[in-house]
Amino acid sequence: MLTEKMEKALNDQINAEAYSAYLYLSMAAYLESLNLSGFGNWMRIQAQEELSHTMKFFDFVYERGGKVSLTAIDEPPKEWANPLAIFEGAYEHECKVSAMINNLVNIAIDEKDHATNNFLQWFVSEQVEEEASADAVVQKLKLIGDHGNGIFMLDREMGQRVFHAPASQAT
Ligand code: FEO
């Protein structure tokens with residue numbers, strides 16, 4: 001059984017994960033408008049990951065006898081200065097999400113909700129990867145600078161990314 005405070009916090013996270021999906025889809029749309037379809041593919045996969053995070057929270061709330069309450073999703077930005085600004089934005093966003101997950105863990109501890117704390121540990125680890133993967137692209141783009149060849153090669157590499165459902169959701 002979830003406490004009211006825990007249930008509200010988990011519902012807020014469902015909204016935050018859905019917003020993340022929306023943000024990355026907006027980034028995908030912008031990258032594809034620049035004919036950077038590989039970068040766009042990377043962001044589409046990122047959006048799929050965020051939807052899988054949304055569903056992980058959704059399923060958990062029901063599993064614990066709670067109620068899912070969906071709220072409006074904020075409008076994401078639509079334009080950025082360049083690809084580097086997009087991936088810097090993605091990295092900063094992931095750092096914010098990590099802080100949200102840490103806050104959820106703090107609430108679970110305060111509420112003495114060991115099951116939710118245990119569930120959240122998957123996200124604690126996931127956020128390490130989420131921050132690292134966005135930052136890796138930022139670092140590559142900084143190295144490449146304005147060299148068109150480098151952008152072309154990286155775009156091709158990022159077009160290879162495929163979606164892997166989290167283990168608990170694989171069918
Ligand atoms: Fe759901 Fe990228 O954190």
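Asn-41 is part of helix H2, which covers residues 37-63. The structure is a predicted model.

**Asn-41**

- Asn-41 counts as buried because its relative accessibility is 19%, and the cut-off for buried is under 20%.
- Leaving aside residues up to four places away in sequence, Asn-41 touches Glu-32, Met-158, Gly-159, Gln-160 and Arg-161.
- At 3.1 Å, the side chain of Asn-41 reaches the backbone oxygen of Arg-161.
- Ala-99 is 58 residues from Asn-41 along the chain, and the C-alpha atoms of these two residues are separated by 27 Å.

**H1 and H3**

- Helix H1 spans residues 4-33 and helix H3 spans residues 83-110; their axes come within 11 Å and cross at roughly 170 degrees.
- H1 is therefore roughly antiparallel to H3, as angles over 145 degrees count as such.
- Sorted by class, the contact of H1 with H3 has 20 nonpolar, four polar and three charged residues.

**H4 and H5**

- Helix H4 (residues 114-144) packs against helix H5 (residues 148-158) at an angle of about 160 degrees, and their axes are 9 Å apart.
- H4 and H5 are therefore roughly antiparallel to each other.
- The crossing in which H4 passes H5 is right-handed.
- On the H4 side, Val-137, Lys-140, Leu-141 and Ile-144 meet Gly-150, Ile-151, Leu-154, Glu-157 and Met-158 of H5.
- By class, six nonpolar, one polar and two charged residues make up the contact of H4 with H5.
- Met-158, in H5, is also one of the residues that Asn-41 touches.

Definitions and conventions
Residues numbered from 1 in each chain as written. Predicted model: local features only at pLDDT ≥ 70, side-chain atom pairs only at ≥ 80, totals over all residues. Heavy atoms only, no water. Axes fitted to C-alpha atoms, helices over the stretch in contact; angles between N-to-C directions. Helix = DSSP H or I, 4+ residues; strand = E, 2+ residues; numbered from the N terminus. Parallel < 35°, antiparallel > 145°, perpendicular 65-115°, else oblique. Nonpolar A, V, L, I, M, F, W, Y, C, P; charged D, E, K, R; others polar. Buried < 20%, exposed > 50% of the residue type's maximum accessible area, 1.4 Å probe, protein only. Contact = heavy atoms within 4.5 Å. Polar contact = N/O pair within 3.5 Å; in protein donor to acceptor, adjacent residues only side chain to side chain. Left-handed = near helix turned anticlockwise from the far one by under 90°.
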